[in-house]
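Here is a short report for a first look at this structure.

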Amino acid sequence: MIEKYNLLTSDFQRDAPKEMMLLSIISQSFFQPFSLEDNLLVILTALTSGSGVGFNRAMLFLKDGDRLRGEVWLGPRTPEEAGYIWEVLSTPGIGYVEIIEHNRALVSKNESTLSHRIKSLVFTLDEETCAQMPALAACNREIYLVHDAFNEPMVDGKFMELIQVDEFLCIPLIARDEVFGEIILDNAFTHVPISPGDIKLASLCGLIASNYIYSTTLHQRLLDAEKMAAMGEMAMFVTHQLRNPLVTIGGFTDQLLQPGGVADNKRERNLRIIRDEIQRLENIVYQMGHFLKISMKEPVYFDVAPVIEAVIQSPEVQTRKQGYALNVKFEACLPQVYCDPTSLGEVLRNLLDNAFDATPPGGTVSVRAYKKNKTSFVLSVRDTGKGISSPDKSQLFRPFFTTKEKGMGLGLPFLKRVMDNCGGQVEVQSRVGKGSLFKLIFQSREEGRRP
Amino acid sequence: MKKILVVEDEKVLCLLYEEELGKEGYAVTVVYDADAALEALGKTAFDLIITDIRMPGKNGIELITQIMGLRKDIPIIINSAYQSYKEDFMTWAADAYVVKSSSLDELKLKIRELLGE
């Protein structure tokens, strides 16, 4: 007999030992689509979320060149608040997304006070000059527990002024022999002494956090390298895309300017050609700018139905559907979907454009929106067009790959970026001569449910 | 009347070349890809070929290679949006390389040169 278990626990069980829960929450960061900052915050939340295991407050420093820079300070301000956070974390059915949302709210509440002040703290990591806590821990790559901190000369004065606590723990964040930062933990409210058990657990969390930062940094470097390669390809492509319209505009303008001019019907034709080519240039410029926008917007939960509705009813789509059967089917009650709403709208518009481009007039384009299960939502676009050949299929998401005469090859790469950004998935099915199906799968939740 | 074959996938550019070179007194035939060019070469004795490089299907460099195999001594002008193909030694087999520009003067000049006018 074989039993199947999920790779990720969907909720954190109340009856599990708190240590287990803490590590479970932290290790799940690796699988989440959220930003490095969001995931680090979760780690800090986990470290400060209860009176039993956790600490009262956690402060994160990140390495910035040869300096250690204060980044964020998280922690309940009272023991009651700590209890409340633990309640939130251990509520059955509460997922990672809710914790993230909770954190964002907490940080924005603290922004003016704690987090703002910690950002002014910068210490050198230079081995020659670094002699005081907290930077010494990162510099020496050792965990330090500081007691009687007010009377300890090896603690930085400005740092003491800010944290105002007698005892604190410094955990350097190190992975693959590289320092990434430091976490400072204390029990400023309960004044419970930090035990050897607490230190062990905190150092384990520190190791996981360091590896997480390390892999994220590596991933970012890889993305940057890919981006550079794509830029070279892009420069080539754009040259071609821009030159052809320029030749056409130049040539037909010269005809108009010739002494003696041209016949009336030809003048109008030339002007139309020039107008079309200018529109094409405009489109190229728009799409390039759009694609090059480096940062994607943060995903949020939003009601998906009005967004889809707006795209279908938009003048562009209403004009394009002439001569086709556009078949739209929604479930009566659509959930809240996790994505950036504007990007989702653009993605749908791109898919519809592609579907119409691929399908000869008289064909059918179908849009479906439905709940796949309690936590995922599907948006699909199907056409009865020419389909995608196997060699083309592997290139679908490569920037500047296109089979259209005047395409830029940026629509589907944009789609891929949007889906990656919100932790969604894309499925493509296609048969040459029969048509294609693009299925987008998003994280979703029941309407109106809030953490 | 000298006969020119234009190989270019962009239809509106073909229209421009057809009209502009026609005005110069040439008989212009336009085709949209390399296969159509080879077919036209089998039927008509052209005096000059103008070809793009990036085209769907066979590209311009493959086309030039095949024309060389036909052992017809027809001058060829490469007319591409890219400068960089000049680095591909196969493009050296062509008689001229004119980068696409908003003025057709250079192209017209090269045609006259190659046709000995």
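This is a predicted model. Chain B holds an open sheet of 5 strands, in the order E2-E1-E3-E4-E5, with parallel pairing. Its edge strands are E2 (27-31) and E5 (96-99) of chain B, and each of them pairs on one side only. From one strand to the next, the twist averages 20°.

Strand E3 (residues 48-51) of chain B runs parallel to strand E4 (residues 76-80) of chain B, and 3 bridges join them. Here Ile50(B) stands opposite Ile77(B) in E4(B).

Now the interface. In chain A, 22 residues are in contact with 22 residues of chain B. Three residues, His240(A), Arg243(A) and Val247(A), supply 30% of the area that chain A buries against chain B, more than any other three.

| Between chain A and chain B | Value |
|---|---|
| Buried area | about 1800 Å² |
| Share of that area from carbon and sulfur atoms | 53% |
| Salt bridges | 3 salt bridges |
| Polar contacts | 10 residue pairs |

One salt bridge links Arg280(A) with Glu10(B), whose closest N and O atoms are 2.4 Å apart. Which elements of chain A give two or more residues to the side that touches chain B? They are helix H7 (196-257) and helix H8 (264-292) of chain A. H7(A) gives the most, with 14 residues. The residues on this side of chain A divide into 6 nonpolar, 8 polar and 8 charged.

Notes
Residues are numbered from 1 along each chain as its sequence is written. Chains are lettered from A and ligands numbered from 1 in the order in which they are written. This is a predicted model: local features need pLDDT of at least 70, side-chain atom pairs count only at pLDDT 80 or more; totals for chains, interfaces and linings use all residues. Side-chain values use heavy atoms; hydrogens and water are left out. Two strands pair if DSSP finds at least two bridges between them. Helices (H or I, at least four residues) and strands (E, at least two) are DSSP runs, numbered from the N terminus. Axes are lines fitted to C-alpha atoms, for helices over the stretch in contact, and angles run from 0 to 180 degrees between N-to-C directions. Contact means heavy atoms within 4.5 Å. Buried area is the accessible area (1.4 Å probe) that two parts lose on being put together, summed over both. A salt bridge is a side-chain nitrogen of Lys or Arg within 4 Å of a carboxyl oxygen of Asp or Glu. A polar contact is a pair of N or O atoms within 3.5 Å; within protein, one must be able to donate a hydrogen and the other to accept it, and residues adjacent in sequence count only if both atoms are side-chain atoms. Ala, Val, Leu, Ile, Met, Phe, Trp, Tyr, Cys and Pro count as nonpolar, Asp, Glu, Lys and Arg as charged, and the others, Gly among them, as polar.
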